[in-house]
Amino acid sequence: YVLQIDAHTRFRPNWDIYLISTLRQAQEYKSKPILSTYPTDFADCRDNTGTILAPARFDTDGILRFVGRRLKKTDKNVLPSPAWCAGF
């Protein structure tokens, strides 16, 4: 397993239990899932509503950039995503 985070990441209570549970749920769909998200603004850290990775714009080098979009409601199911990120 690999966990990559930014230095300014804040963790919610029981984050590790939640992450393991989410991984197990994702493994019902794929044998080797990748859990990925793009954190929203730091000021929103107390909101536990999930995010999904969404395309935002092309930069000056023609590279597609993504943002984290907050879901309207928390979904208890694993949501597929067309992309994954590493917090660049």
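1. P33 sits in the loop that links α1 to β1 (51-58). Helices (H or I, at least four residues) and strands (E, at least two) are DSSP runs, numbered from the N terminus. P33 is partly exposed, at 22% relative accessible area. Cut-offs: buried is under 20%, exposed over 50%, partly exposed in between (1.4 Å probe, protein chains only).

2. A note on the basis. This is a predicted model, where local features need pLDDT of at least 70, side-chain atom pairs count only at pLDDT 80 or more, and totals for chains, interfaces and linings use all residues. Residues are numbered from 1 along each chain as its sequence is written, and side-chain values use heavy atoms, without hydrogens and water.

3. Leaving aside residues up to four places away in sequence, P33 touches L23, A26 and Q27. Contact means heavy atoms within 4.5 Å. P33 and P80 are 47 residues apart in sequence, yet 9.9 Å apart in space, C-alpha to C-alpha.

4. Helix α1 covers residues 15-26, 12 residues in total. Its first and last C-alpha are 16 Å apart, close to the expected 16 Å; the expected span is 1.5 Å times one less than the number of residues.

5. Which residues of α1 are buried? They are T22, L23, Q25 and A26. They share one side of α1 because they cover an arc of only 160° around the axis, taken from the directions from the helix axis to the C-beta atoms. The face turned away from that buried side carries exposed I17 and R24.

6. β1 pairs with strand β2 (residues 64-70) in the antiparallel sense, over 7 bridges. Pairing requires at least two DSSP bridges between two strands. I52 stands opposite R69 in β2. The two strands form a hairpin with 5 residues between them. In the turn, G62 has a positive phi of about 80°.
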